[in-house]
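Look at the structure first, then read on.

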Amino acid sequence: SAFFRDRVALVTGGASGIGYAVAGKLVGLGAKVAIWDIQKERLDECQERYGDRVLTRSVNVSDKAAVSKAMDELTRAWGGVDHLLNNAGIIGQRMTVQDFDGDELDRVLAVNLKSMFYVSSAFIRASGAESSRSIVNLSSIAARTGGMVGNIAYATTKGAAASFTYALAKELAPHVRVNALAPGVINTEIQKDVFADPASIEAMANLIPLKRLGTAEEVADAAVWLLSDGAAYITGVVLDVSGGR
Ligand code: NAD
């Protein structure tokens, strides 16, 4: 469809994994895509690969002032922003609630959760298409399962991402649709420390009804659909992309 042609999308954490896959698909559909991340080399690779269809920028999304400045620059460059993928995220260091480190807790909350407030707020203030603006947030099935032991801060932020989605969908209706994805276990870099060895990947795959980990591309397909007017009557939904987990 021509829906995304020359529309502007912003993808946070778009230099790797799910965000990278979404950015690539949106470029393929004719969108102009701003990619914010903190991995400078990868951002340069994205810029080289997609040329003037993307605008890459090193932005720490947990820094409110940096987000605001970057959004000003983006709207000056491209006039406005129509779609947002709130995707940047980290698992953080392993910690239980008994031994948690306050600084690390603050970091995980800031990167995964506060960033959604900062970037969404800047997105709403920026101008955009008169119709069909949309946001997709990255939650996780960890919001309901509690995730892996040791990732309590992560699971908490992903539960909050779902609540944030329900509340923001109401706030922004009827002008902006807001939905979330709850991926299961997806084979990206965020999982690297979790699945250091092939045996643990296999054990995890056996717990998934579809018997395998998901791919970033599969999550990206769902994200692109929710962002598009193919999902025009859907807002305030958290969609599992989890192989049935
Ligand atoms: P990833 O590590 O490949 O990608 C995350 C990206 O976010 C990286 O490029 C990273 O540099 C960027 N990032 C981290 N901190 C940032 C910051 N402060 N500012 C800007 N960018 C920052 O991981 P992924 O699997 O693609 O994860 C993307 C999203 O999907 C995350 O929110 C994650 O929680 C969520 N998710 C992933 C899985 C999974 O199994 N992979 C499952 C459920 C949810």
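## Around the ligand

The shell around the ligand holds 15 nonpolar, 13 polar and two charged residues. Here Ala, Val, Leu, Ile, Met, Phe, Trp, Tyr, Cys and Pro count as nonpolar, Asp, Glu, Lys and Arg as charged, and the others, Gly among them, as polar. The shell has 30 residues, and Gly13, Ser16, Gly17, Gly89 and Thr188 come nearest to the ligand. Two elements give two or more residues each to this shell: α1 (17–28) and β2 (32–37). Helix α1 supplies the largest share, three residues.

## Basis of the model

This is a predicted model: local features need pLDDT of at least 70, side-chain atom pairs count only at pLDDT 80 or more, and totals for chains, interfaces and linings use all residues. Residues are numbered from 1 along each chain as its sequence is written.

## Overall fold

The chain has eight helices and seven strands. Both are DSSP runs, numbered from the N terminus: helices are H or I with at least four residues, strands are E with at least two. The C-alpha trace spans about 45 × 40 × 40 Å along its principal axes. A compact globule of 245 residues would have a radius of gyration near 18 Å; the chain has 17 Å, which agrees. The radius is taken over C-alpha atoms, and the globule rule is 2.2 Å times the number of residues to the power 0.38.

Of the 245 residues, 45% count as buried. Buried means 20 or more other C-beta atoms within 10 Å of the residue's own, exposed means 12 or fewer, and partly exposed lies in between; C-beta atoms are placed from the backbone. Among contacts between residues at least 6 apart in sequence, 69% join residues at least 24 apart. Two residues are in contact if their C-beta atoms, placed from the backbone, lie within 7 Å.

## Annotated domain

An unreviewed UniProt entry places the feature "domain: Ketoreductase" at residues 7–188. UniProt positions are given in the numbering used here, feature names are shortened, and annotations may be inferred rather than shown by experiment. Over residues 7–188 the chain is 48% helix and 19% strand. The end C-alpha atoms of this stretch are 27 Å apart.

## Nonpolar core

The largest nonpolar core has 71 residues. Such a core is a set of buried Ala, Val, Leu, Ile, Met, Phe, Trp, Tyr and Cys residues joined through C-beta atoms within 7 Å. Leu10, Val22, Ala23, Leu26, Val33, Ile35 and Ala223 have the most contacts inside it. Which residues does Leu26 touch, leaving aside its neighbours within four places in sequence? Leu26 is in contact with Phe4, Ala9, Ala31, Val33 and Val224.

## Backbone features

A cis peptide bond joins Ala173 and Pro174, with omega about 5°. Pro174 is in the loop between α6 (152–172) and β6 (176–183).

Two residues other than glycine deserve a look for phi. Ser132 has a positive phi, near 60°. Ser132 sits in the loop between α4 (102–125) and β5 (133–138). It counts as partly exposed because it has 17 C-beta neighbours inside 10 Å. Lys211 also has a positive phi, near 65°. Lys211 lies in the loop between α7 (198–206) and α8 (216–227). With 11 C-beta neighbours inside 10 Å, Lys211 counts as exposed.

## Sites in the helices and a loop

Ala169 is in helix α6. It is buried because 20 other C-beta atoms lie within 10 Å. Beyond its neighbours within four places in sequence, Ala169 is in contact with Val178, Thr235 and Gly236. Ala203 is in helix α7. Is Ala203 buried or exposed? Ala203 is exposed, with 11 other C-beta atoms within 10 Å. Ala203 and Ala129 are 74 residues apart in sequence and 46 Å apart in space, C-alpha to C-alpha.

Gly150 is in the loop between α5 (142–145) and α6. Its 15 C-beta neighbours inside 10 Å make Gly150 partly exposed. Leaving aside neighbours within four places in sequence, Gly150 is in contact with Arg94, Met95 and Thr96. Glu217 is in helix α8. Glu217 is partly exposed, with 13 other C-beta atoms within 10 Å.

Key
A residue is near a molecule or strand if its C-beta atom, placed from the backbone, lies within 6 Å of it.
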